[in-house]
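We will go stop by stop.

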Amino acid sequence: MRVAKVLTNETCDLRCAFCSARRPHENPDVAGGSALRRRLDAQLDANPQTLVLSGGEPTLRDDLPKIVAYARARTEATLVLETHALHLDAARLRVLEAAGLDVIRIHVPALGEALDAFTGRAGAGDSLDAALTNVHASNLEYETATPIVAANLHHAASIPAALSERGLRPTTLWFGVPTSAPQASSLAPLETATVAAAGFARAAGRAGLSASIDPAAFVPPCTFAHPSAVAHTFALNPGAASRLGFAHAAGCEDCTVRERCPGLPPALHEHAKPLRAKNLRRRLTVIGTPAQQIARELVTHEVYRDRSGASLPAAIVRINFRCNQSCQFCFVSTHLPDPDEAAVRAEIEAIAAKRGALALSGGEPTLNPKLLAYIALAKDAGVAEVELQTNATRLHRDGLADALHAAGLDRAFISLHGANATTSDAITEAPGTHAQTLLGIDALASTNVALRLNYVLCEPNYREFPAFVEQVAARWPQAAVNVSFVGPSTDLVPRTRALIPRYEDVLPLVAEGMRIAAGHDLELGGFESMCGIPLCLVPGDLQRFIPLASAWAGLSESEFLKPPGCSACVLQTRCFGLRRGYAELYGTEALRPVLERSSSTDPA
């Protein structure tokens, strides 16, 4: 993402000890009108996607609205104002909004009386409290930025909950660890600061808020004791590999994110350690801007098809991206902040207007406090069927299963990827959650919500599929089993044989699972979906797929291919084809086109 930052001035009326930007007097070469316009023009000529106006403290300038208007007249980039916000009353906010400002990023190192001591200004806490209220009431998007330093080391983690309790919902809670300051004693030791920073990120998650590492106070993920726990707060990309004052240490050479991480200041190189897990690399990476990714991943349009030949428009809407598991094959950008509530509601209303089916998904959608409201909205708006895609780890808590049923949920599509905790917890990289999922399914099974348990076949678990079917039949006989096959659908999913097995190895186990399901009168399906198996390979009688409505080619052309032999297959219009990522690993030889409508195969 191309982000440009322009200093509007260098003075500030606060005295934060760690600040290295504040100057005692304004320099005309920085704050002078003509000098500022030249710097703005130079940055805008480079066509940034985001332009940040910073300081010093920009609100000390009486002409700030004119500066915003000047920039807006020249660019469609997102305009962000970095400020301590203490001078922002409702009237000034309206003027800035009218001038074209998009986002206010508010410096929140502390709240209340703690901010007075932090900034050296009596009453700063009260002023910030009023400013936050004013900004929240405005039409402007707002964020907060919290540096983790010596003065707030032990109470920074209380900030997310305090904001949430007041009903404040910043789009992003930026946090960072400054590594240089005019007063070295104002900084916290790096190891201690990253522990506090991880605590801040956890607290944000508990409050239902999205936290991200601040590029202005960046430290690499390797400096955290448990990088995987904060991976969702990073958004590394190849453009981030260069940063003034940062360099790679000797230990960075074989790090999986070396080409997209700037390293550390040389004085702190002792803290660098290489990261080697490819899955961690995926979770630390962002492609494009966060806003672009949210827009791309917010909704997936599908067509639900049944064997009567009927079809129904459908939409999968991701109401948040964060998750309490980290499945190796997940293609969702779990580090993204929550999408805007208005955007989610608009997508729900759009599929309702088509009288289609809606799947509320994530990340893990039960982490979103608005989930029940979204279900109720969908039912009131006329959605034909509402499905919840979840790992069910939270459904047994606080009556949530009953509340989902009462809100109008029709069906739950529950991820469970192993017949035992060892396999499941290894795949989800979340120890203990297999047991929680079982309890969640138990809770929902006591309601009238239909259950479909989704098993993603991958190299670590496909041998357990028959045992999984037996488990479902014994514990939840009213449930259906959905068969998915790990899909290298994006560059976020590792395209390795350690994750993606051969169809030839998997299909005999699928056939055995199908025989077990038939013996227990258990519904088993899902093969015809985009996440299923090429229809020609499905064990059993393939005639059941003949009546299916045609697959929507527009959904699949970039991800799937059909070799020339598929053109003669009687199922070719019903089948999505073979994923390109699979073909790169194993070729297309496994396909066996169905040439006659009477063709069937024996699952034995």
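Start by selecting T11. Leaving aside its neighbours within four places in sequence, T11 is in contact with R23, P24, H25, E26, G56, E57 and L60. This is a predicted model. T11 sits in the loop between β1 (3-7) and α1 (28-31). Is T11 buried or exposed? T11 has 15% relative accessibility, and buried means under 20%, so T11 counts as buried. Now show the side chains of T11 and E26. A polar contact of 2.5 Å joins them.

Next, pick G56, one of the contacts of T11. G56 is in the loop between β2 (50-54) and α3. Look at the bond that links G55 and G56: this peptide bond is cis, with omega about 25°.

Now select helix α2 (residues 33-45) and helix α3 (residues 64-74). Their axes come within 11 Å and cross at roughly 30°. Angles under 35 degrees count as roughly parallel, so α2 and α3 are roughly parallel to each other. The crossing of α2 past α3 is right-handed.

Jump to G362 and G363. A cis peptide bond joins them too, with omega about 20°. G363 belongs to the loop between β10 (357-361) and α13 (371-381).

Two backbone stops remain. R355, in the loop between α12 (341-353) and β10, is not a glycine, yet its phi is positive, near 55°. D398 lies between β11 (385-390) and α14 (400-407), in the loop. D398 is not a glycine either, and its phi is positive at about 50°. With 82% relative accessibility, D398 counts as exposed.

Notes: Residues are numbered from 1 along each chain as its sequence is written. This is a predicted model: local features need pLDDT of at least 70, side-chain atom pairs count only at pLDDT 80 or more; totals for chains, interfaces and linings use all residues. Side-chain values use heavy atoms; hydrogens and water are left out. Axes are lines fitted to C-alpha atoms, for helices over the stretch in contact, and angles run from 0 to 180 degrees between N-to-C directions. Helices (H or I, at least four residues) and strands (E, at least two) are DSSP runs, numbered from the N terminus. Angles under 35 degrees count as roughly parallel, over 145 as roughly antiparallel, 65 to 115 as roughly perpendicular and the rest as oblique. A crossing is left-handed if the near helix is turned anticlockwise from the far one by less than a right angle, and right-handed if clockwise. Buried means under 20% relative accessible area, exposed over 50%, partly exposed in between (1.4 Å probe, protein chains only). A polar contact is a pair of N or O atoms within 3.5 Å; within protein, one must be able to donate a hydrogen and the other to accept it, and residues adjacent in sequence count only if both atoms are side-chain atoms. Contact means heavy atoms within 4.5 Å.
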